[in-house]
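Here is a short briefing to read with the model open beside you.

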Amino acid sequence: MRKRPDRLPPLDLLAAFEAAARHLSFTRAGAERFVTQSAISRQIRALEDELGVALFKRRHRALALTEHGLRLHATCTTVLAQLRATVAEIRAPARREVLALTTTPGFASLWLIPRLPSFTRAHPGIDVRLDASFERRDLRADGFDLAIRYGPSDGPGRPLFPEAMQPVCSPRLLRHGPPLERPEDLRLHTLLQVSSASGMPLEWDPWLTAVGLSDLQPAATLSFSGYSDAIGAAVAGQGVAIGRRPLVDALLRSRKLVAPFASSAVSTRTYFLLIDPAARARPAVRALEEWLLQQAG
């Protein structure tokens with residue numbers, strides 16, 4: 001008996017294919033689905049046998065999608081996301097609504113987390129699941145509703161606010177440390193910076209260039225893997241950091257940090273709000289979007 005051409009393959013094979021196609025790696029797809037690489041490979045082979053076509057081009061230590069694979073992946077990404085959302089609504093209709101938001105660790109700890117209680121108080125039926133990571137998530141595939149990203153000023157999404165950079169330090173450093181009256185005095189101090197491996201440079205260079213000190217050599221430098229760690233070291237009096245405003249505005253208002261110089265430099269980067277198009281239809285997502293724009297304003 002001939003198979004009907006529209007007969008659907010088993011769902012677990014399609015889910016395994018979607019993960020492998022997204023990662024272009026059977027190993028990473030297996031880790032995501034808590035099975036071995038060989039199990040994913042067998043599931044992909046079974047799906048290819050079921051469909052009668054190759055879905056991947058298997059190269060040395062690399063995978064690429066065939067034309068059939070590209071078509072199937074595009075459909076699987078949309079359909080599986082809709083299916084997961086519907087199942088979640090049916091399975092627990094009375095549970096609190098959870099919004100998934102991804103952003104960078106520095107933005108989360110310095111700007112977003114201190115403000116979030118005002119959103120949850122105003123919207124008692126909505127919870128926020130926050131993912132603080134340098135990894136750029138795929139909103140639809142990874143199950144996120146919104147993202148706040150840091151990038152060039154002409155990047156995608158809706159801008160939240162521009163960024164200005166200004167040296168900041170603890171008031172104790174001003175009182176008890178070497179002089180810090182002119183930008184040239186930074187030669188006497190430890191500069192706090194973010195290591196480039198984090199993907200989020202602290203950008204001392206633009207500010208130093210703006211004040212004519214591009215060749216400045218500080219007394220020492222301390223490097224950190226994350227921006228919030230560098231700012232924490234500044235609060236502790238360990239040196240001078242570049243304050244990315246408005247991320248550090250609350251610390252300046254509370255006098256945990258001070259800006260010894262009035263000069264600032266406008267960054268070429270900014271923060272953007274992105275929303276998964278399918279999620280925008282949900283009232284809770286629109287409520288969080290409006291709240292974020294209000295806070296940024």
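A pocket here is an open set of grid points, on a 1 Å grid over the protein atoms alone, with protein on both sides within 12 Å along at least five of seven lines. Its volume is the space filled by probe spheres set on those points. Please keep in mind that this is a predicted model. With that in hand, the second largest pocket comes to about 580 Å³.

**The second largest pocket**

- The lining is made up of 21 residues, and Leu8, Pro9, Leu14, Leu51 and Leu72 are the ones closest to the pocket's centre.
- Three helices each give at least two residues to this lining: α1 (11–23), α3 (37–51) and α4 (67–91).
- Which helix provides the largest share of the lining? That is α4, with eight residues.
- Sorted by class, the lining has 13 nonpolar, six charged and two polar residues.

**How α1 meets α2**

- Helix α2 covers residues 26–33, and its axis comes within 8 Å of the axis of α1, with a crossing of roughly 125°.
- Because of that angle, α1 counts as oblique to α2.
- The crossing of α1 past α2 is right-handed.
- On the α1 side, the residues in this contact are Asp12, Ala15, Ala16, Ala19, Ala20, Arg22 and His23. Their partners in α2 are Phe26, Arg28, Ala29, Glu32 and Arg33.
- By class, six residues of the α1 and α2 contact are nonpolar, five are charged and one is polar.

**How α2 meets α3**

- The axes of α2 and α3 lie 8 Å apart, and the two helices pack at an angle of about 105°.
- Are they roughly parallel or roughly perpendicular? Angles of 65 to 115 degrees count as roughly perpendicular, so α2 and α3 are roughly perpendicular to each other.
- From α2, the residues Phe26, Thr27, Ala29, Gly30 and Arg33 meet Gln37, Ile40, Ser41 and Ile44 of α3.
- This α2 and α3 contact divides into four nonpolar, four polar and one charged residues.
- Phe26, Ala29 and Arg33 are among the α2 residues listed in the contact with α1 and also among those that meet α3.

**Backbone details to look at**

- Leucine 24 sits in the loop between α1 and α2. Its phi is near 50°, a positive value in a residue other than glycine.
- Where is proline 246 placed? It lies in the loop between β9 (240–245) and α10 (249–253).
- The peptide bond that joins arginine 245 to proline 246 is cis, with omega at about 20°.

Notes:
Residues are numbered from 1 along each chain as its sequence is written. This is a predicted model: local features need pLDDT of at least 70, side-chain atom pairs count only at pLDDT 80 or more; totals for chains, interfaces and linings use all residues. Side-chain values use heavy atoms; hydrogens and water are left out. On a 1 Å grid over the protein atoms alone, a cavity is a set of points where a 1.4 Å probe fits but cannot get out, and a pocket is an open set with protein on both sides within 12 Å along at least five of seven lines; lining residues have an atom within 4 Å of a point. Helices (H or I, at least four residues) and strands (E, at least two) are DSSP runs, numbered from the N terminus. Ala, Val, Leu, Ile, Met, Phe, Trp, Tyr, Cys and Pro count as nonpolar, Asp, Glu, Lys and Arg as charged, and the others, Gly among them, as polar. Axes are lines fitted to C-alpha atoms, for helices over the stretch in contact, and angles run from 0 to 180 degrees between N-to-C directions. Angles under 35 degrees count as roughly parallel, over 145 as roughly antiparallel, 65 to 115 as roughly perpendicular and the rest as oblique. A crossing is left-handed if the near helix is turned anticlockwise from the far one by less than a right angle, and right-handed if clockwise. Contact means heavy atoms within 4.5 Å.
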